[in-house]
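Hello,

Here is the structure I promised to pass on to you. Please open it and keep it in view while you read my notes.

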Amino acid sequence: METGPSRPAHLRQVNARGLLRLLREHNPCSKADLVRLSGLSAPTVSSAVAHLESLGLIENLGEGESSGGRPPGLLRFHAEHGYVAGADIGGTRLRMILADLNGKVLTQWSTLLTEKQRTPKAVCSLMHEGLKVMCQEESTSLKKVLHLTAGAPGITNVDSGIVLSAPNLKDWDDVPLRTMIEKEMGIPALVENDTNLAAVGEHWRGSATGVEDFIFVALGTGVGAGIFLRGRLHHGANWSAGEIGYTRAEGCSRHPLQVHSPGQLERSIGGVGIEKEWMRLLGRSRRANESALTKLRASEIFDLAVDGDRAAAEVVHYAAQILANCIVDLALALDPEVVILGGGVGAHAELCRATEKLLQQNEFACPRVRSSSLGTQAQLHGAISLSLSATENRLLA
């Protein structure tokens with residue numbers, strides 16, 4: 001609980017916020033429990049609880065079990081008082097999620113993006129449509145959605161809500177996405193880089209739970225990283241922290257960086273780069289005429305390595321070697337406790353195993369490597385987490 005001199009109205013707000021957090025953490029509980037947990041007096045707790053009840057944030061569940069005296073009255077946080085939503089804007093698909101105020105996922109919605117639907121205006125319109133569909137499925141009103149967080153695949157200024165550049169989307173330069181979402185839907189919004197959202201998701205309820213210093217590395221169509229330092233996302237001075245897809249790949253000379261072109265690391269171990277290396281090895285082994293093999297995607301090539309295919313194992317080693325070198329550079333600068341590999345390609349267990357084996361050859365700069373436990377849902381869970389945080393103050397307004 002916050003302490004120190006304060007105006008009475010502000011102090012009541014602080015107490016109510018603190019008690020609401022405690023109730024959400026120890027849901028359900030009694031007023032006596034809140035007195036014990038908060039250190040506040042019984043009259044102060046009773047006053048704050050009455051205020052929270054008047055706002056519709058607390059429900060009285062009746063009497064609980066007696067421990068010998070009068071049965072305590074149990075209180076429950078009313079998680080259905082409102083809802084929060086998340087959106088993940090990909091190069092080919094828009095995915096959305098709806099959750100209650102406890103973060104419980106209620107429903108999801110997704111759609112493939114046609115060429116015409118990839119513009120910022122069209123994506124915002126589709127987002128509105130998806131939100132309405134999810135609300136209808138839950139028999140609730142759009143007015144009860146209190147906040148939405150959207151993830152964009154590019155450099156994003158979180159303060160202004162502007163997507164500065166998204167190379168895998170068309171005409172996404174200096175897009176005021178937050179303003180567009182709020183105007184389209186009439187809902188407060190937050191916009192964040194999609195890989196950063198995935199890192200938030202893993203920290204909230206995934207492989208990085210309880211870890212204060214870690215890096216989430218996403219390998220899929222693109223390559224990027226979400227950096228957590230001392231329990232907080234690190235964005236950098238110009239919002240480009242974690243854009244490791246532009247890192248120099250071994251054997252390549254450094255060229256000027258261009259936001260509309262994929263970087264060297266992304267070209268090397270993004271999905272397309274891995275598939276290109278696979279085709280090179282097939283040609284060398286005279287298996288390039290086997291049509292089934294030429295159509296394999298990166299994760300399927302890794303599956304083949306698990307089954308003992310020698311060329312596929314070479315591809316895994318190729319990707320792991322480049323990835324391990326990148327992780328060492330990150331570890332020398334940031335010293336993370338854990339590196340989490342995610343994305344459609346990066347989360348593959350075989351790549352994780354091979355990368356960690358290479359890192360273990362070092363005496364230092366060898367963080368533990370884990371696969372993402374949330375998979376492709378990491379961004380959406382991160383969006384819900386940020387929306388819940390953004391909503392907390394508004395609940396007591």
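This is a predicted model: local features need pLDDT of at least 70, side-chain atom pairs count only at pLDDT 80 or more; totals for chains, interfaces and linings use all residues.

Residues are numbered from 1 along each chain as its sequence is written, and side-chain values use heavy atoms, leaving out hydrogens and water.

Let's start with a sheet. Five strands make up an open, mixed sheet, in the order S14-S13-S12-S15-S16. Strands here are DSSP runs of E with at least two residues, helices are runs of H or I with at least four, and both are numbered from the N terminus. Two strands pair if DSSP finds at least two bridges between them. At the edges, each pairing on one side only, are S14 (232-233) and S16 (368-371). Further in, S12 (residues 214-219) and S13 (residues 223-229) are antiparallel partners over six bridges; Ala218, for example, has Gly224 in S13 as its bridge partner.

Two helices pack on this sheet. Helix H6 (residues 194-205) touches S12, S13, S14 and S15 (338-342), contact meaning heavy atoms within 4.5 Å. The direction of H6 makes about 45° with that of S13, where axes are lines fitted to C-alpha atoms (for helices, over the stretch in contact) and angles run from 0 to 180 degrees between N-to-C directions. Helix H11 (residues 310-334) touches S12, S13 and S15, and its direction makes about 155° with that of S12.

Next, have a look at helix H8 (residues 271-284). Its 14 residues reach 20 Å from first C-alpha to last, close to the expected 20 Å, which is 1.5 Å times one less than the number of residues. After H8 comes Arg286, with a positive phi near 60°.

Ser268 sits in helix H7 (residues 264-269) and is buried, at 11% relative accessible area. Leaving aside neighbours within four places in sequence, Ser268 is in contact with Ala249, Gly273, Ile274, Tyr318 and Ile322.

Finally, how many disulfides does a search of the whole structure find? It finds zero, counting pairs of cysteine sulfur atoms within 2.5 Å. For Cys135, the nearest cysteine sulfur belongs to Cys124, 17 Å away.

Enjoy exploring!

Notes. Buried means under 20% relative accessible area, exposed over 50%, partly exposed in between (1.4 Å probe, protein chains only).
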